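Subject: Handover of a structure for your review

Dear colleague,

Please find below the structure I am handing over to you. My findings follow directly after it, and I would be grateful if you could read them with the coordinates open.

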Amino acid sequence: MLGCWILSESLSVILVLSWLGVNLYLFVDTFYWYEEEESFLYTRVLLGSALAWARASAVCLNFNCMLILLPISRNLISFLRRTSICCRGPWVRQLDKNLQFHKLVAYGIAVNATIHIVAHLFNLERYHLSQSAEAEGLLAALSKLGNTPNESYLNPIRTFHVNTAAELLTTIAGVTGLVISLALILIMTSSTELLRQASYELFWYTHHASIIFFFSLAFHGAGRIVRGQTPESLLLHNISFCRDRYAEWQAAAQCPTPQFSGKEPSAWKWILGPVVLYLCERIIRFWRFQQEVVITKVVSHPSEVLELHMKKRNFKMAPGQYVFLQCPSISSLEWHPFTLTSAPEEDSFSVHIRAAGDWTRALLKACGAEGQTLREPWSLPRLAVDGPFGAALTDVFHYPVSVCIAAGIGVTPFAALLKSIWYKCCKPQAELELGKVYFYWICRDSRAFEWFADLLLSLETQMTEKGKTHFLSYHIFLTGWDENQAGHIALHWDENTDVITGLKQKTFYGRPNWNNEFRQIAYNHPSCNIGVFFCGPKALSKILQKMCRLYSSADPRGVHFYYNRESF
């Protein structure tokens, strides 16, 4: 298992370095091609190195635009997950990092787009200055080409006394470039974590500006503003001989006037395949939207949490996966992700939805969960379900001891997992490698997740009845509490049950001492491989990774902790 974990982390680094390497190769190769290519020698006289900067960044931009849609093609990733190549070992964990790769590629697009824009601003200024009265020699001769019949121009700015910005916006390249830039700025700014958490709807809608982005990108090069010498002209016009004889170009037979043309647009070739693939993805989603979803049960929990139980034909899930929900009566465009909280062994699948935004509040209201009487399932609004997606938390079952740690909303995927573990343990003659589960839940406000405390209470009762009280050890840490709660706890203290959760296990106040926790687990299970599974913030993830390294024995026969961070 240690080898698989190391291989998985190594693969992540290798894939990122490969992506960086391809970008670097494309940039350097294209840069030097435009710096040395004979057909662009006269163009370089006008523009200098800014030409190579603009073209090199454009190629990298096309490459990253080709990649950006692949990580968000959920059905493609699910297909790859099921194939024999990707369904085993460390490769599948790379598929789980699809959103991280999507963000990485987005940063690549932003960087290359910035370089491309800045380089073309320099190009535009140099085009303009080469038409000034101060321009002389070869620079002036090249800029004046196209003023007489049978000549093709090299400089798109035809006179010095012109507003270059206004002139640019009369071209295909200028208009599409502006649209691409505005769409990219809109998408990137609304994707920041702060804005996404403040308004998921804003993030969702602005991301659809990508349609305009890709459409404009496909036509961006059609203007062919940057021009080079034609192959036919190169055969007749020897640059090495003629470049210093520009005054004789029209008169000397050895040096005919050079002819220029724009390079064929290539962006559409890069993005055509991924765009077609993504269109197929959207068609599949639309087909799933048409499939009937039956709501079998609705439960309203405290603190504005709605529990929905649903059935859908041929729906198969695994612990840790998620679905996208749409309610056409609220919005015909918005799809929102929710982690499945039911076990695969159950007859229906369920999600828990907390009112945390406009869409979720509207759904709770439509289901009658805002202090009103809950509506009967047959009278509820229609829901569409797409999924399930994501990796299953099946690695938990591959260790003799598993430690599951959840922080805040990260507790949701563990609901399905704990249920599934219980069902497997209750099966007669079940042969499980897993023999012990430690569950840690760090929560700021227990009222927001009272439904999960109810689940733990149910599991606790069932384990007591089955005589398996030692199989699951759970520890709840409440980090946010005030004096009123402290008074309530002191007033209603009970030796047998916890005042807040009603569980036999008492709630701890404050944060866990991870050194003590890992030391105790290592002491309880010497010579054992222990899987650590975490869902929560990055800061705590780094601490747990450190603990796993610190308390893993150097002796191969000793205790070893293997860290796994789940992304939801």
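Two residues are said to meet, or to be in contact, when heavy atoms of theirs lie within 4.5 Å. In that sense V59, N62, F63, C65 and M66 of helix α3 meet A267, W270, I271 and P274 of helix α15. Please note that the model is a predicted one.

**The chain as a whole**

The chain holds 21 helices and 14 strands. Of its 568 residues, 48% count as buried. Among the contacts between residues at least 6 apart in sequence, 74% join residues at least 24 apart.

**Helix α15 and its partners**

I return to the helix pair named above. The axes of α3 (residues 50–68) and α15 come within 8 Å and cross at roughly 10 degrees. Angles under 35 degrees count as roughly parallel, and α3 and α15 are therefore roughly parallel to each other.

How do the axes of α4 and α15 cross? They come within 8 Å and cross at roughly 90 degrees, which makes α4 roughly perpendicular to α15. On the α4 side the contacts involve R74, N75 and L76, and on the α15 side they involve L277, E281, I284, R285 and R288.

**The sheet β6-β5-β8**

Three strands form an open sheet in the order β6-β5-β8, and their pairing is antiparallel. Its edge strands are β6 (336–339) and β8 (384–389), each of which pairs on one side only. Neighbouring strands of this sheet are turned against each other by 30 degrees on average, direction ignored.

Strand β5 (residues 322–326) and β8 run antiparallel and are joined by four bridges. Within this pair, F324 stands opposite D386 in β8, and Q326 stands opposite A384 in β8. Helix α4 (residues 74–82) packs on the sheet and touches β5 and β8, its direction making about 40 degrees with that of β8. Helix α15 (residues 267–290) also packs on the sheet, touching β5 and β8, and its direction makes about 125 degrees with that of β8.

Is β8 mostly covered or mostly uncovered? It is mostly covered, as six of its six residues are buried.

**The sheet β3-β4-β7**

A further open sheet is formed by three strands in the order β3-β4-β7, with antiparallel pairing. Strands β3 (293–301) and β7 (349–354) stand at the edges with a single partner strand each, so one side of each is left without a neighbour in the sheet. The twist from one strand to the next averages 20 degrees.

Six bridges connect strand β4 (residues 305–312) with β7 in the antiparallel sense. L306 has I353 in β7 as its bridge partner. Helix α16 (residues 358–366) packs on this sheet, where it touches β4 and β7; the direction of α16 makes about 115 degrees with that of β7.

As background to both sheets, strands of a sheet pair through backbone hydrogen bonds, either parallel or antiparallel.

**Helix α9**

At 1.5 Å a residue, its 19 residues should span 27 Å, and its end C-alpha atoms are 27 Å apart, which agrees. The buried residues in α9 are A173, G174, T176, G177, I180, A183, L184, I187 and S190. The cover over these buried residues includes α6 (98–129), α8 (164–168), α10 (193–198), α11 (200–206) and α12 (210–220).

Finally, I would draw your attention to F518, which lies in helix α20 (residues 514–524). Is F518 buried or exposed? Its relative accessibility is 2%, so F518 counts as buried, the cut-off for buried being under 20%.

Which residues is F518 in contact with, leaving aside its neighbours within four places in sequence? They are V532, L544, M547, C548, Y551 and F561. Of these contacts, M547 is 29 residues from F518 in sequence, while the two C-alpha atoms are 7.1 Å apart in space.

With kind regards

Key
Residues numbered from 1 in each chain as written. Predicted model: local features only at pLDDT ≥ 70, side-chain atom pairs only at ≥ 80, totals over all residues. Heavy atoms only, no water. Pairing = 2+ DSSP bridges. Helix = DSSP H or I, 4+ residues; strand = E, 2+ residues; numbered from the N terminus. Axes fitted to C-alpha atoms, helices over the stretch in contact; angles between N-to-C directions. Expected span 1.5 Å × (residues − 1). Buried < 20%, exposed > 50% of the residue type's maximum accessible area, 1.4 Å probe, protein only. Parallel < 35°, antiparallel > 145°, perpendicular 65-115°, else oblique.
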